[in-house]
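This briefing is meant for a reader who is new to the structure. Please look through the sequence and the model first, and then read the notes by topic.

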Amino acid sequence: QGTNLTVSGLQQDTGAPVEVTADSLQVDQAAGSAVFTGNVLIVQGTMRLAAAEVRVAYAKAADGTPDTGTIDSMTATGGVTLATATEAAEAAEAVYSPQSGDLVMTGDVLLTQGGNSVSGQTLTIDLDTGAGRMDGRVKTVLQTGTAGGN
Amino acid sequence: MATHDNIHSRLVAWLKVILPLAALALLSTLFLVSRGIAPEDALPYSEVDVEELAREPRLTAPRYAGVTLDGAALSVTAEVARPDVGGAGQASATALTARLETPDGVTTDIAASDGQLDTAAGLLTLTGDVRIAASSGYAITTGALTAALDQTLLTSPGAVVATAPMGRIDAGAMQLTSQDGDYVLVFNGGVKLVYEPRN
């Protein structure tokens with residue numbers, strides 16, 4: 001079963017420039033694939049995604065060859081932590097595609113919003129609208145009034 | 001001398017006096033009044049310093065070409081190359097351009113203001129505003145670059161600024177090397193990419 005939730009902190013302009021910082025970047029000249037390794041940090045607007053390794057996959061150009069100008073998706077592996085102004089999420093892997101603005105986090109996902117935390121197997125967030133959906137053995141811990149949840 | 005009664009003879013008589021005087025005046029402007037001839041600037045000598053040319057052996061427009069072990073064709077041309085006193089097979093050159101054609105079809109053009117070729121150690125060191133343009137869309141500028149002559153290994157120890165098809169990359173160092181068959185451009189020492197999504 002799944003739980004729909006709004007990740008308001010993540011609602012942002014997906015047209016903003018994406019900045020990727022890492023220790024090293026390896027680009028295969030012929031195939032055009034690019035792999036960032038060594039505490040990689042993807043920053044766009046208020047979203048900060050940290051991971052051990054990020055592999056960049058390019059969109060396919062009209063004739064099928066990889067169009068190295070547009071990034072189709074960034075696959076972050078090796079333990080991913082996502083931080084925004086109000087939320088934080090952790091997972092084993094995450095796939096972020098700037099074109100469509102979707103972020104899919106998989107593998108023991110734990111999302112904390114203010115006092116509440118939701119855990120499950122996959123969390124898909126549409127960054128344009130900030131709508132999120134958690135699937136797979138969802139467990140929610142709600143902070144009752146005392147700690148002044150959001 | 002009989003006086004002449006008709007116009008014609010009087011005219012001819014006067015002309016016999018005036019015309020030689022005019023000729024004398026013309027001739028004098030040619031020799032007496034004309035500007036002095038300065039003998040030393042008669043022949044325009046070229047400014048090339050002949051002593052320097054004789055003293056220092058140099059090659060103009062030298063060309064070095066070779067194929068690396070992994071099959072990449074490297075050709076280097078320069079404006080002027082001077083063999084170094086240091087050792088055999090060493091030369092320093094100015095205004096270098098190098099082209100590396102790797103078997104995977106990518107051509108890398110490198111331009112630098114000056115360089116040091118050491119065939120004994122199999123190394124070409126380019127310094128001074130090095131620009132690398134790869135046909136895969138990467139244009140990289142750096143301060144210094146060393147290129148191995150026997151294998152495909154371009155290393156830039158210093159900071160590198162690259163404009164890639166996907167955006168601008170700033171890195172601490174850069175290396176182009178061949179890893180089991182395919183050619184890999186490695187940026188390390190801290191990499192920052194700025195990508196503008198085009199949606």
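How many salt bridges are counted between chain B and chain A? The count is zero, where a salt bridge is a side-chain nitrogen of Lys or Arg within 4 Å of a carboxyl oxygen of Asp or Glu. The model is predicted, so that local features need pLDDT of at least 70 and side-chain atom pairs count only at pLDDT 80 or more, while totals for chains, interfaces and linings use all residues. Residues are numbered from 1 along each chain as its sequence is written, chains are lettered from A in the order in which they are written, and side-chain values use heavy atoms, with hydrogens and water left out.

**The contact between the chains**
- Chain B gives 30 residues and chain A gives 27 residues to the contact, which is defined by heavy atoms within 4.5 Å.
- About 2,300 Å² is buried between chain B and chain A, with 53% of this area given by carbon and sulfur atoms; buried area is the accessible area (1.4 Å probe) that two parts lose on being put together, summed over both.

**Strand pairing across the contact**
- Strand 3 (residues 24–28) of chain A and strand 12 of chain B run antiparallel and are joined by four bridges; strands are DSSP runs (E, at least two residues), numbered from the N terminus, and two of them pair if DSSP finds at least two bridges between them.
- A:Val27 stands opposite B:Leu185, which lies in strand 12 of chain B.

**Domains of chain B**
- The domain assignment, which is automatic or from a database, gives chain B domain 1 (1–34) and domain 2 (57–195).
- The centres of these two domains of chain B, taken over C-alpha atoms, are separated by 84 Å.
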